[in-house]
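Please open the structure in a viewer and keep the selection panel at hand.

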Amino acid sequence: MELLSVSSSCSSIQISAVNHYSCCCCNTPTLKTARSSLLLYPSNNNYNNLSSSSSSSSTGWFYTHKISPARRLSTTTHTRHSIWACSKVDSAGTDPLLNKVSHFRDAFWRFLRPHTIRGTTLGSLSLVTRALIENPNLIRWSLLLKAFSGLVALICGNGYIVGINQIYDVGIDKVNKPYLPIAAGDLSERSAWFLVLLLAAVGVVIVGLNFGPFITSLYCLGLFLGTIYSVPPFRMKKYPVIAFLIIATVRGFLLNYGVYYATRAALGLRFEWSSPVAFITTFVTLFALVIAITKDLPDVEGDRKFQISTLATKLGVRNIALLGTGLLLINYVGSVLAAIYMPQAFRRNLMVPSHVILALGLTFQAWILERANYTKEAISEYYRFIWNLFYAEYALFPFL
């Protein structure tokens, strides 16, 4: 019998059924009435109060069986045992291999830090799209596979950098980010090492085979900077200024310059800066610096416990949030001014209002954070909003 619903309260248990021969996977005859709804009443009061309403409410395919008081206890016990047996069979019948695969897939996805993958993916797609818009006569379908392989390589590099950071930050993450797979015990350190080395190797091979020595050297530089950021004895994340510069360089300059260079090379063109690409590279590099500054805001508790020196632990959460907000507002003011004074390079009617709206949204989110007195939940929401602004800029860029 396939159970459609089981709802219970202090007065009744309702079981709806459509197949009247057997319960789930077990061949236990339980209910022999097709498309029926059984109401089992444990007390006479409930039975008397509900019987009339139950009878009047049974319409169409559904009708109600009233069970005599003498059979209520045995029927209820039998039904409960049937439900328990069905659930045990379902649980026992689940393929353990599928469970392991599903568990690993979930842990691996969290290990990759999805919000960083979205930023990398949007950034690369945005820059490729811009290069193609600038040279529509050179578009060829054969470039699609190359572009896809480049995106896979970027995701592998991103996964290596965030993964190796989790390996060396597991103690801190147990305080700040207990949901991450190593800290949560969902992924062993040995498995994590295997994954980061595999991701780095796959990324380097893809880039080396498809994009030439110069882009390969830029890619390896990004991996190297990601390594010294987290790995002792370097562990540059202990030094706030150096840590900020590493993040801004990798996520800002190297990503934008490298993707645009590789796209133009694939189109058979020499590299040259265009005003929009120079704009987005500058904008995102400063934005990545803000992300580097504000990413420590939700982690102050763990950083203090493990004596990790950050601007947030030194200057305080409020001051760093105000600093990040101020730098981003400078970014937006600069965008509006660029559109006004360089109308030949940008679409002023889109660039000005869109950045004004984003700046207003940022100001409002900072006001909410102030009103919430910088609680951990409000700080996390503020940090998520900053990432959403980051995504929005890349989404707008091809059309500016």
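**The whole chain**

Of the 400 residues of the protein chain, 47% are buried, meaning under 20% relative accessible area with a 1.4 Å probe, protein chains only. This is a predicted model, in which local features need pLDDT of at least 70, side-chain atom pairs count only at pLDDT 80 or more, and totals for chains, interfaces and linings use all residues. Residues are numbered from 1 along each chain as its sequence is written, and side-chain values use heavy atoms, leaving out hydrogens and water.

Colour the chain by secondary structure: there are 16 helices and four strands, taken as DSSP runs (helices H or I, at least four residues; strands E, at least two) and numbered from the N terminus.

**Annotated spans**

Next, select residues 315-340, one of the spans under the UniProt annotation "transmembrane region" (unreviewed entry); such annotations may be inferred rather than shown by experiment. This span is 96% helix and 0% strand, with end C-alpha atoms 36 Å apart. Then select residues 352-370, which are 100% helix and 0% strand, with end C-alpha atoms 27 Å apart.

**A helix pair**

Finally, select α11 (residues 275-294) and α16 (residues 376-396), whose axes come within 11 Å and cross at roughly 170 degrees. Axes are lines fitted to C-alpha atoms over the stretch in contact, and angles run from 0 to 180 degrees between N-to-C directions. The two helices are therefore roughly antiparallel, the term for angles over 145 degrees. Contact (heavy atoms within 4.5 Å) involves residues including Phe 279 and Phe 283 of α11 and Tyr 383 and Trp 387 of α16.

How values were computed
Parallel < 35°, antiparallel > 145°, perpendicular 65-115°, else oblique. Buried < 20%, exposed > 50% of the residue type's maximum accessible area, 1.4 Å probe, protein only.
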